[in-house]
Amino acid sequence: MSAVTDLQTAIAEAAERVGPAVVGLGRGWGLGSGVVIAKDTVLTTAHGLRSHEATVLVEGERRSGAVAGVDEDLDLAVVTVSTGAVEPVRWEPDAIEAVSIGTPVLALAD
């Protein structure tokens with residue numbers, strides 16, 4: 001059971017560290033979620049967006065955002081929206097360099 005306990009611990013730590021930067025898309029979470037990667041910048045999946053505008057749930061309120069860019073091949077999109085006091089995720093350079101094919105990743109949504 002050590003592997004399961006280790007996985008639970010890793011997920012809980014990731015949720016605690018990154019969770020506050022997770023935002024909803026659409027009317028609440030209807031179109032999915034995204035993560036604040038920089039001030040007023042949200043990274044999300046491209047397939048959930050329906051137009052060049054997006055409604056983003058930030059700090060409990062709906063805010064209008066604009067789709068700044070889309071990479072359909074990677075299914076990624078960037079939305080510019082007022083993120084208020086939400087702290088962007090911290091990118092750990094050493095961790096990024098350690099990521100390669102086969103590295104497990106976690107996707108968090110509230």
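Me: Which backbone oxygen does the side chain of Thr 44 reach?
Reply: In this predicted model, the Thr 44 side chain comes to 2.8 Å from the backbone oxygen of Ser 33.

Me: And where does Thr 44 lie?
Reply: You'll find Thr 44 in strand 3, which covers residues 41–45.

Me: Is Thr 44 buried or exposed?
Reply: Thr 44 is buried, because its relative accessibility is 5% and the cut-off for buried is under 20%.

Me: What does Thr 44 touch, leaving out residues up to four places away in sequence?
Reply: Its contacts include Leu 25, Ser 33, Gly 34 and Leu 49. Asp 75, Leu 76, Ala 77 and Val 79 are also among them.

Me: New topic: how many salt bridges are there?
Reply: The count is three.

Me: Which residue does Asp 40 pair with?
Reply: Asp 40 forms a salt bridge with Lys 39, and their closest N and O atoms are 3.8 Å apart. Asp 40 is partly exposed at 29% relative accessibility, while Lys 39 is exposed at 52%.

Me: What about Arg 63, which residue does it bridge to?
Reply: Arg 63 forms a salt bridge with Glu 59, with 3.0 Å between the closest N and O atoms. The side chains of Arg 63 and Glu 61 also meet in a salt bridge, at 3.0 Å from N to O. Through shared partners, Glu 59, Glu 61 and Arg 63 are joined into one network.

Me: Are those three buried or exposed?
Reply: Arg 63 is buried, with a relative accessible area of 13%. Glu 59 is partly exposed at 46%, and Glu 61 is partly exposed at 42%.

Terms used
Residues are numbered from 1 along each chain as its sequence is written. This is a predicted model: local features need pLDDT of at least 70, side-chain atom pairs count only at pLDDT 80 or more; totals for chains, interfaces and linings use all residues. Side-chain values use heavy atoms; hydrogens and water are left out. Helices (H or I, at least four residues) and strands (E, at least two) are DSSP runs, numbered from the N terminus. Buried means under 20% relative accessible area, exposed over 50%, partly exposed in between (1.4 Å probe, protein chains only). A polar contact is a pair of N or O atoms within 3.5 Å; within protein, one must be able to donate a hydrogen and the other to accept it, and residues adjacent in sequence count only if both atoms are side-chain atoms. Contact means heavy atoms within 4.5 Å. A salt bridge is a side-chain nitrogen of Lys or Arg within 4 Å of a carboxyl oxygen of Asp or Glu.
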